[in-house]
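Hi,

Here is the structure I promised to pass on.

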Amino acid sequence: MLAKEKIIDALKRVKDRDLNKSIVEIGGIRNIKINEDRVSLKIAVSKMGTGAQMELQQEIVQIVKNEGASSVGLRFDQLSDDEIEAAGGFPKPKYEGPALLNPESPTTFIAVTSGKGGVGKSTVSVNLATSLVRLGKRVGIIDADIYGFSVPDMMGIDERPQVVENRILPVERFGVKVISMGFFVENNAPVIWRGPMLGKMINQFFTDVEWGELDYLILDLPPGTGDVALDIHKMLPHSKEILVSTPHATAAFVAARAGTMAIKTHHEILGIVENMAYFESELTGEKEYVFGKGGGDRLSEELKTEILGRIPLGQPELDEEEFAPSIYSESDKIGAVYIEIAKRVIEKTKRKTKA
Ligand SMILES: Nc1ncnc2c1ncn2[C@@H]1O[C@H](COP(=O)(O)OP(=O)(O)OP(=O)(O)O)[C@@H](O)[C@H]1O
């Protein structure tokens, strides 16, 4: 008579093909009967009716025969969902896409969007990027606003990215690694970009650009809620969003639509930046609400998100050396507002970024 324990012991080596765990360990041995040298088994697996199950069957029969059985009767059973979970569940498929898009990557993606053009989305994108760098973060920016690639001009970038061994090296400015669609079109000519083409291009930015390690990748997206914006939303399932709006009621109303899209695509909205919020008189310090008041607050109520900051009207002081028309310096009043916004962004995304 064969010993049950010995057979179970031998079966410990056999692994459930999909859980990659020993069938004995996960409670797969449902029944084992021995009659002289004949063995009858019932074994539960995580997935029935697969090619892997056939293979498993042959392995088990062989092992039991090696233990001295003259015949082996084998039936299969399905492990319950609870048993599968208790066994640690199915291992995650190995990620094979670009490193930057790996959900496990420490990079936080922040898409900066607006309901309509001209509200300062690109200005906010570049100043958020430089402020994050000033706070010690590693930052990249993708200028994907196909209606006008303004990021290079705003940051005072004249050069084009170099290509080394088929890898695109982003242009570095103020410590920010910059890639703009504008780098790759002739004379910044307006192009008719269709969704798939744009998607391909952006995808290439993830695969072919040598970003190195980044804490934040800021995306300056086209305004509005068109197909293009929607495609990008879908392409970056774990991206967070910042909405830029002015205090004007209509601007806030259209921004709400962009916010609704973020919610639909399950993107977390980090908050709202209310740009051109007021004009502060240098003489009296009085605030003048040139574009009205309250748009941002209403938007924040509607989308149940906070206002990350309110940027007053005002141009950066031009530094002849740096010539970057839209970058506020650290000593600038508006630059300081951006630093506060960047701090709040870091605070809200802490879990994901490396210390
Ligand atoms: N707080 C501000 N005070 C004064 N001017 C500003 C402010 N923010 C942005 N601007 C100016 O407003 C104009 C539009 O800004 P920007 O290009 O950033 O907007 P946008 O929303 O990205 O527009 P588009 O979608 O058309 O590219 C620019 O000339 C910019 O310099």
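Predicted model: local features only at pLDDT ≥ 70, side-chain atom pairs only at ≥ 80, totals over all residues.

Let's start with the layout. The chain splits into domain 1, covering residues 4–86, and domain 2, covering 99–348. Taken over C-alpha atoms, the centres of these two domains are 56 Å apart. For residues 4–65, an unreviewed UniProt entry lists the feature "domain: MIP18 family-like". That span is 37% helix and 31% strand, and its end C-alpha atoms are 13 Å from each other.

Next, the ligand. There are 20 residues around the ligand, and those that come nearest are G117, G120, K121, S122 and T123. By type, the shell has 12 polar residues, six nonpolar and two charged. Which helix gives the most to this shell? Helix 4 (residues 121–134) does, with three residues.

Last, the helix pair. Two packed helices are described by the angle between their axes and by how far apart the axes are. For helix 8 (residues 249–264) and helix 9 (residues 295–303), the axes come within 9 Å and cross at roughly 25°. Angles under 35 degrees count as roughly parallel, so helix 8 and helix 9 are roughly parallel to each other. Their crossing is right-handed.

Happy browsing!

Technical notes:
Residues numbered from 1 in each chain as written. Near = placed C-beta within 6 Å. Helix = DSSP H or I, 4+ residues; strand = E, 2+ residues; numbered from the N terminus. Nonpolar A, V, L, I, M, F, W, Y, C, P; charged D, E, K, R; others polar. Domains from an automatic or database assignment. UniProt positions renumbered as here; feature names shortened; annotations may be inferred. Axes fitted to C-alpha atoms, helices over the stretch in contact; angles between N-to-C directions. Parallel < 35°, antiparallel > 145°, perpendicular 65-115°, else oblique. Left-handed = near helix turned anticlockwise from the far one by under 90°.
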